[in-house]
Amino acid sequence: MEISLTTPAILFPAVSLLMLAYTNRFLALANIVRTLHARYNKEGSAAVRLQIENLSKRLGLIRQMQAFGILSLISCMCSLAGLFLEIQIVGKVFFGGSLVLMLLSLIFCLREIYLSGRALEIELEDMQSD
């Protein structure tokens, strides 16, 4: 099967949008961390500690999401270079690698979304216990 330059090019918009979404999630978490820090200094409750642990895990996942997204984009660019130089096997291998890296990025994203839901559950449990 031959692939053309346009095949890996279809990943560029997807990766760009994902990276924007990941950056927005990171910025939102940064604001939450700052707010939670002030709350922790006032209260120091168990719920706040649980939230801090949750946020720490989520920040790590977002770093992983971003790293795999960037690696996917780099692999996609290598695929384009291989195809441009008419080395089909290089283009195919890097394009396949790009897809795998993007899949890993999305799997980490799914895990982070699960943890963000857990953060809301912690808040609800804290309100119900009062």
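Trainee: What does the accessible surface of the chain come to, and what share belongs to carbon and sulfur atoms?
Mentor: This is a predicted model. Its chain has an accessible surface of about 8,100 Å². The share that belongs to carbon and sulfur atoms is 70%.

Trainee: What does the C-alpha trace span along its principal axes?
Mentor: From the N terminus, the elements run α-α-α-α. Along the principal axes, the trace spans about 65 × 20 × 15 Å.

Trainee: Which helices each supply at least two residues to the lining of the largest pocket?
Mentor: The pocket has a volume of about 190 Å³. Its lining includes Ile32, Gln51 and Glu123. By type, the lining residues are 5 nonpolar, 3 polar and 3 charged. The helices are α2 (11–42), α3 (46–84) and α4 (88–129).

Trainee: Is Glu112 buried or exposed?
Mentor: Glu112 sits in helix α4. Buried means under 20% relative accessible area. Glu112 has 0%, so this residue is buried.

Trainee: Which residues does Glu112 touch, not counting those up to four places away in sequence?
Mentor: Take Glu112 in α4 again. Leaving out residues up to four places away in sequence, its contacts are Arg25, Leu29, Arg58, Leu61, Ile62 and Met65.

Definitions and conventions:
Residues numbered from 1 in each chain as written. Predicted model: local features only at pLDDT ≥ 70, side-chain atom pairs only at ≥ 80, totals over all residues. Heavy atoms only, no water. 1 Å grid on protein atoms, 1.4 Å probe; cavity = no way out; pocket = protein on both sides within 12 Å on 5 of 7 lines; lining within 4 Å. Points joined across faces, edges and corners; volume = space filled by probe spheres on them. Helix = DSSP H or I, 4+ residues; strand = E, 2+ residues; numbered from the N terminus. Nonpolar A, V, L, I, M, F, W, Y, C, P; charged D, E, K, R; others polar. Buried < 20%, exposed > 50% of the residue type's maximum accessible area, 1.4 Å probe, protein only. Contact = heavy atoms within 4.5 Å. Areas by Shrake-Rupley, 256 points an atom, 1.4 Å probe, with all protein chains shown as cover.
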